[in-house]
Amino acid sequence: MRAIPRIVVGVDGSPASEQALRWAVDYAKAVGGTVDAIAAWEYPAFYGWAGQGVPTVETFNPEELAGRTLSETVAKVVGDDPAVPIRESVVPGGAATALLEAAKGAALLVVGSRGLGGFSGVLLGSVSRHLTEHAPCPVVVVREGQAPAH
């Protein structure tokens with residue numbers, strides 16, 4: 001019996017992550033796989049600077065925000081009938097760390113890249129670059145603005 005390919009995709013609500021999710025779903029359809037859509041969250045580093053305290057969960061809940069963003073992005077990209085199983089997971093930590101952990105045992109890791117200013121055609125963003133260098137599986141980086149091939 002052949003294992004069902006698990007495709008991991010990072011989702012942060014950006015247009016690039018929407019395109020990465022679409023690519024991952026299309027690929028999963030083609031290979032009979034499943035999709036793990038991952039949203040990472042952490043408190044912003046700037047809290048606590050200049051006398052500001054860390055906000056309370058009641059005033060700022062990054063986990064809840066990440067979960068809402070993930071659900072809204074999945075609904076926007078695939079609608080009510082994704083045609084493949086999609087599991088949504090919201091995990092604490094930085095994006096690169098969370099995606100590397102989720103990619104263990106996966107067939108493929110898919111992320112969007114927003115590029116870096118005028119060098120967007122040459123350089124990857126820090127997260128996508130880190131993933132391509134350290135992932136335990138093949139990585140696909142979907143550049144923002146690339147039309148999916150159908």
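Helices and strands here are DSSP runs, with helices of at least four residues and strands of at least two, numbered from the N terminus. In these terms, Ala24 belongs to helix H1. The protein as a whole has four helices and five strands, and along the sequence they follow the pattern β-α-β-α-β-α-β-α-β. Of its 150 residues, 36% count as buried.

**Confidence of the prediction**

- The mean pLDDT of the protein is 84, and 77% of the residues reach 70 or more.
- Among the elements, S1 has the highest mean pLDDT, at 97, while helix H4 (residues 126-134) has the lowest, at 90.
- Over residues 116-123 the pLDDT stays under 50, and the model has seven contacts beyond four places in sequence for this stretch.
- Where pLDDT is low, the predicted coordinates should not be read in detail.

**The sheet**

- The five strands form an open sheet in the order S3-S2-S1-S4-S5, with parallel pairing.
- S3 and strand S5 (139-143) stand at the edges with a single partner strand each, so one side of each has no neighbour in the sheet.
- On average, neighbouring strands of this sheet are turned by 25 degrees against each other, direction ignored.
- Among contacts between residues at least 6 apart in sequence, 74% join residues at least 24 apart.

**Strand S2 and its partners**

- Strand S2 (residues 34-41) is mostly covered, as six of its eight residues are buried.
- S2 pairs with strand S1 (residues 6-10) in the parallel sense over five bridges, and Asp36 in S2 is the bridge partner of Val8.
- Between S1 and S2 the chain passes through helix H1 (residues 15-31), and this β-α-β crossover is right-handed.
- S2 also runs parallel to strand S3 (residues 86-92), to which seven bridges join it.

- Helix H1 lies across S1, S2, S3, strand S4 (108-113) and S5, and runs at about 150 degrees to S4.
- Is Ala24 buried or exposed? With a relative accessible area of 0%, Ala24 falls under the 20% cut-off and is therefore buried.
- Leaving aside neighbours within four places in sequence, Ala24 is in contact with Ile7, Val9, Val35 and Val110.
- Ala24 and Leu108 are 84 residues apart in sequence, yet their C-alpha atoms are 8.8 Å apart in space.

- An α-helix has 3.6 residues a turn, so residues three or four places apart point the same way.
- Trp23 counts as partly exposed because its relative accessibility is 30%, and Tyr27 is also partly exposed, with a relative accessible area of 33%; both values lie between the cut-offs of 20% and 50%.

**Helix H3**

- Which residues of helix H3 (residues 95-102) are buried? They are Ala96, Ala98, Leu99, Leu100 and Ala102.
- The buried residues of H3 are covered by elements that include S1, S2, S3, S4 and H4.

**Ala83, a residue with positive phi**

- Ala83 has a positive phi of about 75 degrees, although Ala83 is not a glycine.
- This residue lies in the loop between helix H2 (62-78) and S3.
- Is Ala83 buried or exposed? The relative accessibility of Ala83 is 54%, which is over the 50% cut-off, so Ala83 counts as exposed.

How values were computed: Residues are numbered from 1 along each chain as its sequence is written. This is a predicted model: local features need pLDDT of at least 70, side-chain atom pairs count only at pLDDT 80 or more; totals for chains, interfaces and linings use all residues. Side-chain values use heavy atoms; hydrogens and water are left out. Buried means under 20% relative accessible area, exposed over 50%, partly exposed in between (1.4 Å probe, protein chains only). Two strands pair if DSSP finds at least two bridges between them. A crossover is right-handed if, with the strands pointing away from the viewer, the path from the first strand over the helix to the second runs clockwise. pLDDT is the predictor's confidence in each residue, from 0 to 100. Contact means heavy atoms within 4.5 Å. Axes are lines fitted to C-alpha atoms, for helices over the stretch in contact, and angles run from 0 to 180 degrees between N-to-C directions.
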